[in-house]
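Open the model in your viewer and keep the selection panel at hand. The stops below are meant to be taken in order.

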Amino acid sequence: MELSPKEIERLAKLARLDLSPEEKKQFAGELTDILSFVEQLKEVEVGNTEPVKQISGLAHVMRPDEASYTFPREEMLESAAKKTEDSIEVPQVIKK
Amino acid sequence: MELHELLLSDLRKKLDEGEVTAKELADHFLSRIKDKDNELHSHLHVNEGVATDVSNLSDETGGSAFHGIPIGVKDVFCTKGMPTTAASNILKGYVPPYSATAIERLQGAVILGKHNLDEFAMGVSTESSAYGPSKNPWNPEYVPGGSSGGSAAAVAAGLTPVALGTDTGGSIRQPSAMCGVVGFKPTYGRISRYGVIAMCSSFDTVGIIGRSVADIAYTFDELVGPDGFDTTVIDAPKNPVSPEIIELHNAQKEDNRIGQPAGEAHNGLRIGIPKEYFETEGLSDEVRASVEVAIKAMEAEGATIKEVSLPHTNYAVPAYYIISPSEVSSNLARYDGIRYGVGVEKAESIDDAFRKAREVGLGAEAKRRIMIGTYALSAGYFDAFYIKAAKVRAMIKEDFDRVFTEVDVLVTPTAPTTAWKFGEKADPVSLYLADVFTAPASLAGVPAISVPCGVDGNGLPIGLQLIGKQEEDGALLRFANMHMLLNPFKEKPATF
């Protein structure tokens with residue numbers, strides 16, 4: 001299965017990656033190799049086997065719906081690249 | 001014996017009896033790091049001030065096992081107030097406002113520093129770290145393995161007595177084999193991953209690297225059990241494993257017999273040798289020979305050796321490299337340069353901000369895996385790739401379940417070869433094949449441990465892997481401990 005640079009562009013768009021032309025070319029080749037490698041799974045007869053969802057067998061682990069602890073706002077804001085006094089700042093999302 | 005040669009339980013005793021202070025211990029390891037880590041580069045961050053901080057720890061222990069004990073931590077564990085980068089540029093300068101549960105559980109531990117790894121724990125050599133690779137203490141021209149390569153190197157060189165790591169497809173076991181130390185991946189779900197930077201959520205397992213099974217067990221007992229944050233943690237009964245194991249260490253006599261009648265130490269144990277592992281192309285003769293010697297030693301101590309079959313073994317790596325990148329593409333979607341990590345100065349739109357931050361901040365391997373994952377999960381390909389791989393995973397698990405009705409433990413090599421030289425393996429697929437023996441246990445969620453069993457003609461360590469039944473971590477550790485006490489690995493790297 002050959003991955004074209006166009007296909008790479010589609011994947012890059014979905015994954016929010018801004019690839020350079022060199023990267024697109026390099027990844028097209030490498031990803032084609034990787035896909036060729038994993039495609040050997042086509043050979044496996046899986047019959048009625050169910051796909052694995054959770055390997056430990058745990059499901060629906062619940063807790064009471066009670067708010068427990070909070071982080072102070074200033075501590076949370078410290079890691080943000082751009083911020084105002086009480087919020088994280090981002091480029092405009094909704095255009096008028 | 002020097003302080004870095006002692007067991008954690010011995011350090012505990014010395015601290016409790018006032019023979020050494022927490023500050024002296026911290027200073028001892030920090031000066032070793034200062035002395036040797038310029039060459040090894042096992043650390044991304046050294047907590048240089050910690051020796052002064054410990055004077056705030058009262059020298060009377062609070063009764064906790066790790067009070068005053070130095071540890072090192074793979075840089076995927078959030079450590080409050082200490083940089084945490086996952087060896088990526090996108091988290092450069094990130095300082096978490098909280099610590100992972102695994103860190104909190106080791107109450108009073110003295111964190112010496114954060115260890116280097118492959119970026120976001122994806123790799124087998126640390127060559128994809130955004131901050132440069134770590135070196136193998138046995139020969140600095142060789143890789144230490146990965147992704148927990150920094151941790152394995154640090155433990156092997158005696159820069160830290162024990163390290164916390166993560167194992168997703170082999171990331172604790174493989175570097176431990178490359179560096180001649182013990183690396184344990186517990187049953188998936190034993191230890192909380194709250195505060196651990198996620199790579200693949202159905203595989204990531206917190207584990208431990210140390211120089212002896214006794215130290216692994218000592219640490220494991222403190223880490224297990226639910227914490228109210230990570231809902232994937234199994235609520236298994238807490239049966240401490242370490243007291244019995246440490247007692248055997250202390251009982252060890254000159255002849256390594258530890259009071260066991262000759263030829264009977266493994267009486268009643270049924271050991272399975274999965275034939276597909278030994279038929280693998282790429283398994284080096286020296287690794288095979290060393291593992292076979294270890295198996296013979298087990299047989300000589302009363303174990304029953306049986307050849308078994310895990311027929312889907314060869315599909316483990318391809319299945320892993322479909323499911324794991326899929327999970328990576330999801331888990332790394334949060335790195336957008338907005339809430340944490342490195343952002344961009346100028347962006348025309350929110351989308352532009354995301355794309356630019358990720359382009360600059362993420363390395364090539366991260367991008368490759370994100371894109372493979374995006375492909376495998378996308379419309380039109382989801383059934384053929386992701387669902388198919390998840391079904392093959394179920395069949396691999398069934399192979400293990402079936403075999404564990406006939407035997408108690410499996411013995412295999414940890415990796416097909418010993419360490420290789422930097423730059424020798426550049427092609428992604430050839431690097432993926434380093435996981436051929438470790439990936440199956442990760443897919444099945446069963447516990448597995450790598451112990452050193454010899455060195456090759458170049459003096460590089462060889463790892464022996466023991467695989468146990470799901471949730472029978474104690475039994476696996478007891479077996480590993482007994483084997484190592486009877487077959488001690490005495491070699492040390494020059495840097496030790």
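Residues are numbered from 1 along each chain as its sequence is written, and chains are lettered from A and ligands numbered from 1 in the order in which they are written. This is a predicted model, in which local features need pLDDT of at least 70, side-chain atom pairs count only at pLDDT 80 or more, and totals for chains, interfaces and linings use all residues, while side-chain values use heavy atoms, with hydrogens and water left out.

**Whole model**

Colour by pLDDT, the predictor's confidence in each residue, from 0 to 100. Chain B has a mean pLDDT of 94, with 97% of its residues at 70 or more. The model scores are ipTM 0.94 and pTM 0.97. Where pLDDT is low, the predicted coordinates should not be read in detail.

**The interface of chain A and chain B**

Select the residues in contact (heavy atoms within 4.5 Å): 55 residues come from chain A and 70 residues from chain B. The two chains bury about 5,200 Å² between them, 70% of it on carbon and sulfur atoms. Buried area here is the accessible area (1.4 Å probe) that two parts lose on being put together, summed over both.

Next, show the polar contacts across this interface; there are 17 residue pairs, both residues at pLDDT 80 or more. A polar contact is a pair of N or O atoms within 3.5 Å; within protein, one must be able to donate a hydrogen and the other to accept it, and residues adjacent in sequence count only if both atoms are side-chain atoms.

Which elements give two or more residues to the side of chain A that touches chain B? They are helix H1 (5-14), helix H2 (21-38) and helix H3 (73-77) of chain A. Helices (H or I, at least four residues) and strands (E, at least two) are DSSP runs, numbered from the N terminus. H2(A) gives the largest share of that side, 10 residues. By class, the side of chain A that touches chain B has 32 nonpolar, 8 polar and 15 charged residues. In this scheme Ala, Val, Leu, Ile, Met, Phe, Trp, Tyr, Cys and Pro count as nonpolar, Asp, Glu, Lys and Arg as charged, and the others, Gly among them, as polar.

**Salt bridges between the chains**

A salt bridge is a side-chain nitrogen of Lys or Arg within 4 Å of a carboxyl oxygen of Asp or Glu.

Select Asp18(A) and Arg355(B), whose closest N and O atoms are 3.1 Å apart in a salt bridge. The pair crosses between chains, from the loop between H1 and H2 of chain A to helix H12 (residues 350-361) of chain B. Asp18(A) is partly exposed at 29% relative accessible area, and Arg355(B) is partly exposed at 22%. Buried means under 20% relative accessible area, exposed over 50%, and partly exposed in between (1.4 Å probe, protein chains only).

Move to Glu30(A) and Arg368(B), a salt bridge at 2.5 Å, N to O. Glu30(A) lies in helix H2 of chain A and Arg368(B) in helix H13 (residues 364-377) of chain B, so this pair also joins two chains. Are these residues buried or exposed? Glu30(A) is buried at 17%, and Arg368(B) is buried at 9%. Then pick Glu23(A) and Lys367(B), whose side chains meet in a salt bridge at 2.8 Å, N to O.

**Within a helix**

In helix H14 (residues 383-403) of chain B, select Lys397(B) and Asp401(B), which lie 4 residues apart, about one turn of the helix. Their salt bridge has its closest N and O atoms 3.5 Å apart. Asp401(B) is partly exposed at 41%, whereas Lys397(B) is buried at 11%.

Return to helix H2 of chain A and select Thr32(A). A polar atom of its side chain lies 2.6 Å from the backbone oxygen of Ala28(A). Thr32(A) is buried, at 10% relative accessibility.

**Backbone details**

Most residues other than glycine have a negative phi, and most peptide bonds are trans. Arg16(A), in the loop between H1 and H2 of chain A, has a positive phi near 55 degrees. His41(B), in the loop between helix H2 (22-40) and strand S1 (43-46) of chain B, has a positive phi near 50 degrees. Finish at the peptide bond from Gly146(B) to Ser147(B), which is cis, with omega near 10 degrees. Ser147(B) sits in the loop between strand S3 (110-115) and helix H5 (149-156) of chain B.
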